[in-house]
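Thanks for coming. Have the structure open as we go.

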Amino acid sequence: MGWPYIGETLQLYSQDPNDFFAEKQRRYGDIFKTHILGCPCIMLASPEASRFVLVTHADLFKPTYPKSKENMIGSSALFFHQGDYHTHMRRLVQTSLSPDAIKRMIPHIETIAISDLESWTSKQVINTFLEMKKFTFDVGILSVFGQLNGKQREEIKKNYRIVDKGYNSFLINLPGTAYNKAIKARKRLSQIVSNIIHERKEKRLMKKDLLGHLLNFKDEKEQTLTEDQIADNIIGVLFAAQDTTASALTWIIKYLHDDQKLLEAIKAEQKAIYESNDRGSRPLTWAQTRHMPLTHKVILESLRMASIISFTFREAVVNIEYKGYLIPKGWKVMPLFRNIHHNPEVFPDPENFDPSRFEVAPKPNTFIPFGSGVHACPGNELAKLEIIVLSTIWSPSSVCLIFSGCRWEVVGSQSGVEYGPFPIPRQGLPARFWKESST
């Protein structure tokens, strides 16, 4: 369990966190305890244990986050809650991000992606992860607010960047520190959301985006949401929508760069869609996004390999016995998704990037890139759509696809992982993009 209070936190952060957890599993098995980040923890590295915590006995465990993170995002954000409030908020988010809702967003996501691709090809070298963060944030803004005016959008971006920078900073609330700046920017974000709400009410605008669903909500007692509750859930969705999807997109670029044969096969699949749409004179359809078998398998294998969400935090609300082990009330419980995704008994040769392994559906509870149970990511369909659209962009006059009409090369070292806090290729995967001829 390590030293008093700090436990094994130093060991965890002095090496690759995945190596830390993998070594513990090798030594102690699929269930073991440790003490990190000031908390005693039970680690669970089997599909069955993960299902026990997240699905079948989810009522015995509550979501838990450091208080500083909760304050930064907003205490009313849905992923900090259980019970009726969580159920209501989750349903609202799921409805606004359901397939029926997001299929209407395809043309707008295409527009964002085309603009970003044009920007990348005009630069010498880009930080792939940072550029993907810009793309996913713009799509997040679209899903929450629909079409915002330029000034509002830029104000949200500017203040959110400050919050993002302070989110993982040292908790020193003194003037000039990243944390202090983030707290102030978070208050400004609430005010911006409040102004947008008042504008909609004054103009009697009825929209079907997330903000519209939140504004129209009434519970069984006819109670509506407060502006603080709406702001907290909006900031929570933007936070959840950005880094994880951006990380996944960055890894897909890396994996395809490393396997040119697979890249050519992907390009052939995308080119067939381009040709079927009269060489780009017709837009991408929802049905086409559902019928890209190789592209979908590459996405799934990238999510397995990278395991962007390596684990999740829960807290036992009572003493619990599981397979002869006691999980004491108040202890943190961490299902280890990456350990499950990289278990050779579940996925043979797990360190090899092999999309063909998804020609057969994985066994239940063995593939959980978006979590599982009532707290699974409600925006997973939007995340997958972003990846699909970015891989299949064209305009009527020229091919402009990441996989079909653009070439790229990784600049500098092509190995290594860093965490911030999600895993990304070293230095954000510096890369150079350029257009191929459309002839």
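Helices (H or I, at least four residues) and strands (E, at least two) are DSSP runs, numbered from the N terminus. With that numbering, serine 46 sits in the loop between strand E2 (39–44) and helix H3 (47–56).

Some housekeeping before I go on. This is a predicted model, in which local features need pLDDT of at least 70 and side-chain atom pairs count only at pLDDT 80 or more, while totals for chains, interfaces and linings use all residues. Residues are numbered from 1 along each chain as its sequence is written, and side-chain values use heavy atoms, with hydrogens and water left out.

Confidence next. pLDDT is the predictor's confidence in each residue, from 0 to 100. The protein averages 88, and 93% of the residues score at least 70. Over residues 394–401 the pLDDT is below 50, and this stretch has 28 contacts in the model beyond near neighbours in sequence; contact means heavy atoms within 4.5 Å. Where pLDDT is low, the predicted coordinates should not be read in detail.

Back to serine 46. Is serine 46 buried or exposed? Buried means under 20% relative accessible area, exposed over 50%, and partly exposed in between, with a 1.4 Å probe and protein chains only. Serine 46 has a relative accessible area of 7%, so it is buried. Leaving aside neighbours within four places in sequence, serine 46 is in contact with Asp30 and Ile340.

Now the cores. A nonpolar core is a set of buried Ala, Val, Leu, Ile, Met, Phe, Trp, Tyr and Cys residues joined through side-chain atoms within 4.5 Å. The largest one here has 92 residues, and those with the most contacts inside it are Ile109, Phe145, Ile156 and Ile234. Which helix gives the largest share of this core? Helix H12 (residues 227–258) does, with 14 residues. Apart from this core lies another, of 17 residues, among them Ile42, Leu54, Trp331 and Val333.

Take phenylalanine 145 on its own. Not counting residues up to four places away in sequence, phenylalanine 145 touches Ile156, Val193, Ile196, Arg200, Lys207, Asp209, Leu211 and Ile234.

On to the rings. Rings of Phe, Tyr and Trp (its six-membered ring) pair if their centres lie within 6.5 Å; planes under 30 degrees apart count as stacked, over 60 as edge-to-face and the rest as tilted. The whole structure holds 15 aromatic pairs. One of them is phenylalanine 21 with phenylalanine 311, edge-to-face, at 5.6 Å centre to centre and 75° between the planes. Phenylalanine 21 lies in helix H2 and phenylalanine 311 in the loop between helix H15 (293–306) and strand E5 (314–316), so the pair ties together parts that are 290 residues apart in sequence. Phenylalanine 21 is buried, because its relative accessible area is 2%, whereas phenylalanine 311, at 26% relative accessibility, counts as partly exposed. Phe20, Phe21, Phe311 and Phe313 form one aromatic cluster.

A tilted pair joins phenylalanine 347 and phenylalanine 358, at 6.3 Å centre to centre and 35° between the planes. Phenylalanine 347 and phenylalanine 358 are both buried.

The criterion is NZ of Lys or CZ of Arg within 6 Å of the ring centre and within 35 degrees of the ring normal. Lysine 69 likewise lies over the face of tyrosine 167, at 4.5 Å from the ring centre.

Two backbone points. Most residues other than glycine have a negative phi, and most peptide bonds are trans. Aspartate 349 has a positive phi of about 50° although it is not a glycine. Aspartate 349 is found in the loop between H16 and H17, and is exposed because its relative accessible area is 51%. Asparagine 365 lies in the loop between H16 and H17 too, with a positive phi near 70°. At 25% relative accessibility, asparagine 365 counts as partly exposed.

Last, a polar contact, meaning a pair of N or O atoms within 3.5 Å; within protein, one must be able to donate a hydrogen and the other to accept it, and residues adjacent in sequence count only if both atoms are side-chain atoms. The side chain of arginine 26 makes one with the side chain of glutamate 23, at 3.1 Å. Arginine 26 belongs to helix H2 (residues 17–28) and is exposed, with a relative accessible area of 62%.
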